[in-house]
Amino acid sequence: MTLSALGIFSAAGAGGVAGGTYELIESNILTGNQASIDFSNLGTYSSTYKHLQLRVTGRSTTTFGNENDSFYIRLNADSGSNYSFHQLFGNGSSVSSAGSTSQTYAALLMMASNGAGASIFGAGVVDILDSYSTSKNKTMRSFTGVYVNTQRFAMIRSSAWLSTASITSITVGSIDGSMVAGTRLSLYGVK
Amino acid sequence: MPTATYIPLATVTVGTSVTSVTFSNIPGIASYRDLVLVSDTVASGNAGYYIQFNGDTGNNYSYLYALGDSSSVLSDVQPNIDSVRMGNTSTARGTHRLNIMDYSATDKHKTILVRSDISNATGTWMFTNRWASTAAVTSFRIFILSNTLSSGTTFSLYGIKG
């Protein structure tokens, strides 16, 4: 027996109830290859939002990783060795973990690369918690994955930015190449 | 100017036991960028829990998972099969959260990130799924391979603008 929600979206009220605690700040769909992108002037929202969320579908030009590439995140344009991370991931045959300190970025997004088949993109959702606190180092966490022919992952990662500064900008880019056209990066605020 | 973004589209509660639930007439990209589906399941027994898009029953799906239970971890992969997996169902309550990313994009295969938890039974899972199609998602069917979804199982679908 099947229960069908057929037609429910054309019913009255299909637009739904406005989700007033989760709002789109900015969305970018790349029209050409681009090394990185900046979400700037985020201090504007310091009294509006508690947390930020980044949602990405992406692919890069690199052939370095054959079929995948990581996208990095930097906060407030800080390229110092002020980031650390841990990760737990499965690759289809085993589960493992890793971590490191003194990184110059937070590599929180596992994406497809130029070696992947056509139209294959990776995806990830990153939560940037207590983004505007001036008393806490910042914690980011992600759920990300890419399914390519030989290199495929499901992964959760967390990263600390060892700074109590309120976030004013987020930079996202490909570690080994450029993000390709069609890559989508959307930033949301959570009240 | 930020805009309200996380929009509830539908909530379905199973009244009598079913083997599948179908959502159709999903609005297109002009409305939303991602879909989030949250299901809260109780079933008549353990069974694999799957999803198909747009009525596609071909071998156009692949999934990978990592699983942790009370004693071990496991990762497995299933390429080129007829559906993608969202975990298991059980007589114990389970929760499953799907992120169907860029579901209306016509230049991308669809990536579906899933977190699935049945804390009183099979453990906690994470999935990376891919539907090898550039078609916009207009419908999807959720089903279990055996047993039935019990009364009280709920599905909540959200659209995220972007």
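Reader: Which residue is the bridge partner of A:Phe85 in β7(A)?

Author: The partner of A:Phe85 is A:Ser100. Before we go on, note that this is a predicted model, in which local features need pLDDT of at least 70, side-chain atom pairs count only at pLDDT 80 or more, and totals for chains, interfaces and linings use all residues. Residues are numbered from 1 along each chain as its sequence is written, chains are lettered from A and ligands numbered from 1 in the order in which they are written, and side-chain values use heavy atoms, with hydrogens and water left out.

Reader: How should I read strand pairing, and how many bridges link β6 and β7 of chain A?

Author: Strands are DSSP runs of E, at least two residues, numbered from the N terminus, and two of them pair if DSSP finds at least two bridges between them. Here β6 (residues 83–90) and β7 (residues 95–103) of chain A are antiparallel, with seven bridges. Their hairpin has four residues between the strands, and A:Gly92 takes a positive phi near 100° there.

Reader: Which strands pair with β12(A)?

Author: Strand β3 (residues 36–39) of chain A pairs with β12(A) in the antiparallel sense over four bridges, and A:Asp38 has A:Thr171 as its bridge partner.

Reader: Is β12(A) mostly covered or mostly uncovered?

Author: Buried means under 20% relative accessible area, exposed over 50%, and partly exposed in between (1.4 Å probe, protein chains only). In β12 (residues 170–174) of chain A, five of the five residues are buried. A:Ile170, A:Val172 and A:Ser174 point one way, while A:Thr171 and A:Gly173 point the other.

Reader: What describes a pair of aromatic rings?

Author: The distance of the centres and the angle of the planes describe such a pair. Rings of Phe, Tyr and Trp (its six-membered ring) pair if their centres lie within 6.5 Å; planes under 30 degrees apart count as stacked, over 60 as edge-to-face and the rest as tilted. The whole structure holds 19 aromatic pairs over all chains. Take B:Tyr50 and B:Phe143: their centres are 5.9 Å apart and their planes at 25°, so this pair is stacked. B:Tyr50 belongs to β5 (residues 47–53) and B:Phe143 to β12 (residues 140–144) of chain B, so the pair ties together parts 93 residues apart in sequence. Both B:Tyr50 and B:Phe143 are buried.
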